[in-house]
Amino acid sequence: MKKGLVIIPTYNEAVNIKKIINQILSLPNRLEILVVDDNSPDGTGNIVEKLARANKRIHLVRRPSKMGLGTAYVLGFGYAIEHGYDFAFEMDADFSHNPDDLPRFIELLDEYDLIVGSRYVDGVSVVNWPMKRLLLSFLACLFARIVTGIPVKDLTSGFKCYSNKALGSVNWKNFKVDGYGFQIQSVFCICKTGLRIKEIPIIFVERRQGESKMSKRIIWEAFWLVWKLRAKSILRRKCS
Ligand SMILES: Nc1nc2c(ncn2[C@@H]2O[C@H](COP(=O)(O)OP(=O)(O)O)[C@@H](O)[C@H]2O)c(=O)[nH]1
Ligand SMILES: [Mg+2]
């Protein structure tokens, strides 16, 4: 069986983390989990530390302060490469991404190097978002797709599975972006290497517990990034 890692960045996810870890561990794929916690004031790190002591499939990296989603993923990808995992997932702790979807991604790894869980591939599959947020996200993805020319409908998705080949094809250390920008640039870079990408439908459910950490700064950062990536494409510069 291939060895897979699910990377979950956390900041104040004490209400969700134990439940999501247990659900992932109960899947037949024998996945391992890496939580990257940024010293969450609500004690998420302590909960995971306790779980990790009792189960070797759970790993924890604690950082001293909130350093952003982008660097948490870069750390996780480095960990996956260093420890010889065959594939790695990006996933939120808040149940917006359903752990029961993970096997559907894994089945496609023989054919594809990046599998993107998509809200916009089969119509729109988002539950519990106000119309304004849905429109903003949908239009942002459309805008990013048109400007970058990358044929993926949900470029800001944070539910993705990378083969070790995909992880090794990108210079993650040069990524300077967070949140949505990180998601867009990761697909962009892998697409430019010519590796195979597949989008599969997921049902995205807005978090029921805890708070979103996305901000206006992260949205603006992604807006400017999209134009930078377009320029890189035209000038045939490296993606990162
Ligand atoms: N380690 C770490 N995790 C973060 C940070 N910001 C957000 N997260 C986590 O990243 C995931 C996605 O963030 P979330 O707030 O749900 O964003 P949203 O889904 O776009 O509303 C969640 O598991 C958060 O706990 C951060 O600065 N550091
Ligand atoms: Mg979320």
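**The largest pocket**

Student: By class, how many nonpolar, polar and charged residues does the lining of the largest pocket have?
Tutor: A pocket is an open set of points on a 1 Å grid over the protein atoms alone, where a 1.4 Å probe fits and protein lies on both sides within 12 Å along at least five of seven lines, and a lining residue has an atom within 4 Å of a point. Ala, Val, Leu, Ile, Met, Phe, Trp, Tyr, Cys and Pro count as nonpolar, Asp, Glu, Lys and Arg as charged, and the others, Gly among them, as polar. By class, the lining has 23 nonpolar, twelve polar and 15 charged residues.

Student: What volume does the largest pocket have?
Tutor: This is a predicted model, in which local features need pLDDT of at least 70 and side-chain atom pairs count only at pLDDT 80 or more, whereas totals for chains, interfaces and linings use all residues. Residues are numbered from 1 along each chain as its sequence is written, chains are lettered from A and ligands numbered from 1 in the order in which they are written, and side-chain values use heavy atoms, with hydrogens and water left out. With grid points joined across faces, edges and corners, and the volume taken as the space filled by probe spheres set on the points, the largest pocket comes to about 1,200 Å³.

Student: Which residues of the lining are the closest to the centre of the largest pocket?
Tutor: The lining of the largest pocket is made up of 50 residues. The closest to the centre are Arg133, Tyr180, Ser212, Met214 and Ile218.

Student: Which element gives the most to the lining of the largest pocket?
Tutor: Elements here are DSSP runs, helices (H or I, at least four residues) and strands (E, at least two), numbered from the N terminus. Those that give two or more residues to the lining are β1, α3, α5, α7 and α8. The element that gives the most, with nine residues, is α5.

**The cores**

Student: Which residues touch the most other members of the largest nonpolar core?
Tutor: A nonpolar core is a set of buried Ala, Val, Leu, Ile, Met, Phe, Trp, Tyr and Cys residues joined through side-chain atoms within 4.5 Å. The largest one has 38 residues, and those touching the most other members are Phe77, Tyr162, Trp172, Phe182, Ile184 and Ile190.

Student: Is His97 buried or exposed?
Tutor: His97 lies in the loop between β4 (87-90) and α4 (102-106), and its side chain reaches the backbone nitrogen of Asp92 at 3.1 Å. Leaving aside neighbours within four places in sequence, His97 is in contact (heavy atoms within 4.5 Å) with residues including Ile20, Met91 and Phe204. Buried means under 20% relative accessible area, exposed over 50% and partly exposed in between, with a 1.4 Å probe and protein chains only. Because the relative accessible area of His97 is 2%, this residue is buried.

Student: What is the relative accessible area of Glu13?
Tutor: Glu13 lies in the loop between β1 and α1 (17-25). Leaving aside neighbours within four places in sequence, its contacts include Asp42, Arg207 and Lys213. Glu13 is buried, and its relative accessible area is 4%.

Student: Which residue's side chain makes a polar contact with the side chain of Lys192?
Tutor: Lys192 is found in helix α7 and is partly exposed, with a relative accessible area of 47%. A polar contact is a pair of N or O atoms within 3.5 Å; within protein, one must be able to donate a hydrogen and the other to accept it, and residues adjacent in sequence count only if both atoms are side-chain atoms. Leaving aside neighbours within four places in sequence, Lys192 is in contact with Ile150 and Ser233. At 2.9 Å, the polar contact of the Lys192 side chain is with the side chain of Ser233.

Student: What is the phi of Asn39?
Tutor: Most residues other than glycine have a negative phi. Asn39, in the loop between β2 and α2 (44-54), is partly exposed at 48% relative accessible area. Although it is not a glycine, Asn39 has a positive phi of about 55°.
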